[in-house]
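Student: Could you show me how to read a few local features of a structure, giving the general idea first and then the case at hand?

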Amino acid sequence: NTPRIFENLRLSRGISLGTSYSLVCPYVQLAHYHELDWARGCGIDPFLLRVAVGTEPWEDLKQRFETALS
């Protein structure tokens, strides 16, 4: 379940503005908050997460995702 993954994912939260570190945000919730039914109708999961990958080592990011998904 995506909200649980978002809560457990050890990444900074926010939209990407060119940072060198990874960020995650509940994009559809932010961009279409008042249009969630419309988004669903277009086939877009309202719990879609947007991840902007930074320059952290791959193994570190992989471990963070594995932990959040377990």
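**Salt bridges, burial and a surface patch**

Tutor: The side chains of Asp-37 and Arg-40 meet in a salt bridge, with N and O 3.0 Å apart; the term stands for a side-chain nitrogen of Lys or Arg within 4 Å of a carboxyl oxygen of Asp or Glu. This is a predicted model, in which local features need pLDDT of at least 70 and side-chain atom pairs count only at pLDDT 80 or more, while totals for chains, interfaces and linings use all residues. Residues are numbered from 1 along each chain as its sequence is written, and side-chain values use heavy atoms, with hydrogens and water left out.

Student: How are Asp-37 and Arg-40 placed along helix α3?

Tutor: Helices are DSSP runs of H or I with at least four residues, strands are runs of E with at least two, and both are numbered from the N terminus. Asp-37 and Arg-40 are separated by about one helical turn, because they lie three residues apart in helix α3, residues 36-41.

Student: How many salt bridges does a search of the whole structure find?

Tutor: That search finds two. Arg-64 forms one with Asp-60, their closest N and O atoms being 3.0 Å apart, and these residues are separated by about one helical turn because they are four residues apart in helix α4, residues 58-69. Asp-60 is partly exposed, with a relative accessibility of 26%.

Student: Where is Cys-25 placed, and which residues does Cys-25 touch?

Tutor: Cys-25 belongs to strand β2, residues 23-25, and counts as buried at 2% relative accessibility. Contact means heavy atoms within 4.5 Å; leaving aside residues up to four places away in sequence, Cys-25 touches Phe-6, Gly-14, Ile-15, Leu-30, Leu-48, Leu-49 and Arg-50.

Student: Which residues form a nonpolar patch on the surface?

Tutor: Patches are made of residues with over 30% relative accessible area and no salt bridge, joining like charges within 9 Å and nonpolar side chains (Val, Leu, Ile, Met, Phe, Trp, Tyr) within 5 Å. Ile-15, Leu-17 and Leu-30 form the patch, with about 350 Å² of accessible area together, as given by the Shrake-Rupley method with a 1.4 Å probe, where for residues only the protein chains shown count as cover. Leu-30 lies in helix α2, residues 27-31, and is exposed at 54%.

Methods
Buried means under 20% relative accessible area, exposed over 50%, partly exposed in between (1.4 Å probe, protein chains only).
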